[in-house]
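This report describes the fold of one protein chain and then turns to selected residues. The structure under discussion is shown below.

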Amino acid sequence: MFEELFKLQVGDLVVLATTVEWEGKTAIEGEIGLVARVYVQEDDGMFFDYLITLGDGISIPVWIGEVRLLKDGK
């Protein structure tokens, strides 16, 4: 399962594995989102892996272990 997280691409549907809070924004465990950006880890100071856009329109950065690929209705 962990290997598939490294293969997330812009446009993939994901489900949050945990509640995430960042800069006054909150994403609840189980919420579905869309990968809006894949961060390049060589960027100085960037420690997030993905930017996720949620159904209510907010975008929140997440680490690899905070999301799971949504596939086959699971």
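How many helices and strands are there in the protein?

## Overall architecture

The protein contains 1 helix and 7 strands. The coordinates are those of a predicted model. Along the sequence, the elements follow the pattern α-β-β-β-β-β-β-β.

Of the 74 residues in the protein, 30% are buried. The accessible surface amounts to about 4,800 Å², and carbon and sulfur atoms account for 54% of that area. Among contacts with a separation of 6 or more, 43% are between residues 24 or more positions apart.

## The five-stranded sheet

In which order do the strands of the open sheet lie? The order is β6-β5-β4-β1-β7, an arrangement of 5 strands with antiparallel pairing. Strands β6 (59–62) and β7 (67–69) form the edges, each pairing on one side only. From one strand to the next, the twist averages 45 degrees.

Several of these pairings can be described by their bridges. Strand β1 (residues 13–16) runs antiparallel to β4, and the two share 3 bridges; V14 has G33 of β4 as its bridge partner. Strand β4 in turn pairs with β5 in the antiparallel sense over 5 bridges. In that pairing, V35 has I52 of β5 as its bridge partner.

I52 has I60 of β6 as its bridge partner, and T53 is partnered with S59 of β6.

The hairpin has 4 residues between its strands, and G57 adopts a positive phi near 95 degrees.

Is E66, which has 13% relative accessibility, buried or exposed? E66 counts as buried, because 13% relative accessibility is under the 20% limit for that class. The residue lies in the loop between β6 and β7.

Leaving aside residues up to four places away in sequence, E66 touches V15, L16, A17, T18 and V20. A polar atom of the E66 side chain lies 2.8 Å from the backbone nitrogen of W63. The C-alpha atoms of E66 and Y50 are separated by 9.8 Å, with the two residues 16 residues apart along the chain.

## Aromatic pairs around W22

The count of aromatic pairs comes to 5. One of them is formed by W22 and F47, an edge-to-face pair with 6.4 Å centre to centre and 80 degrees between the planes. This pair links distant parts of the chain: W22 belongs to strand β2 (residues 20–22), while F47 lies in the loop between β4 (32–38) and β5, 25 residues apart. W22 is partly exposed, at 31% relative accessibility, and F47 is also partly exposed, with a relative accessible area of 45%.

Why is the pair of W22 and F48 edge-to-face? The planes of the two rings stand at 75 degrees, with the ring centres 4.9 Å apart, so the pair is edge-to-face; the cut-off for this class is over 60 degrees. This pair, too, links distant parts of the chain, with F48 in the loop between β4 and β5, 26 residues apart from W22 in strand β2. F48 counts as buried, at 6% relative accessibility. Ring pairs link W22, F47, F48 and W63 into a cluster. W63 is also the residue whose backbone nitrogen lies 2.8 Å from a polar atom of the E66 side chain.

## A positive phi at E23

Which residue other than glycine has a positive phi near 50 degrees? That residue is E23. Most residues other than glycine have a negative phi. E23 lies in the loop between β2 and β3 (25–27). At 69% relative accessibility, E23 counts as exposed, because the limit for that class is over 50%.

Terms used
Residues are numbered from 1 along each chain as its sequence is written. This is a predicted model: local features need pLDDT of at least 70, side-chain atom pairs count only at pLDDT 80 or more; totals for chains, interfaces and linings use all residues. Side-chain values use heavy atoms; hydrogens and water are left out. Buried means under 20% relative accessible area, exposed over 50%, partly exposed in between (1.4 Å probe, protein chains only). Contact means heavy atoms within 4.5 Å. Accessible areas come from the Shrake-Rupley method with a 1.4 Å probe; for residues, only the protein chains shown count as cover. Two strands pair if DSSP finds at least two bridges between them. Axes are lines fitted to C-alpha atoms, for helices over the stretch in contact, and angles run from 0 to 180 degrees between N-to-C directions. A polar contact is a pair of N or O atoms within 3.5 Å; within protein, one must be able to donate a hydrogen and the other to accept it, and residues adjacent in sequence count only if both atoms are side-chain atoms. Rings of Phe, Tyr and Trp (its six-membered ring) pair if their centres lie within 6.5 Å; planes under 30 degrees apart count as stacked, over 60 as edge-to-face and the rest as tilted.
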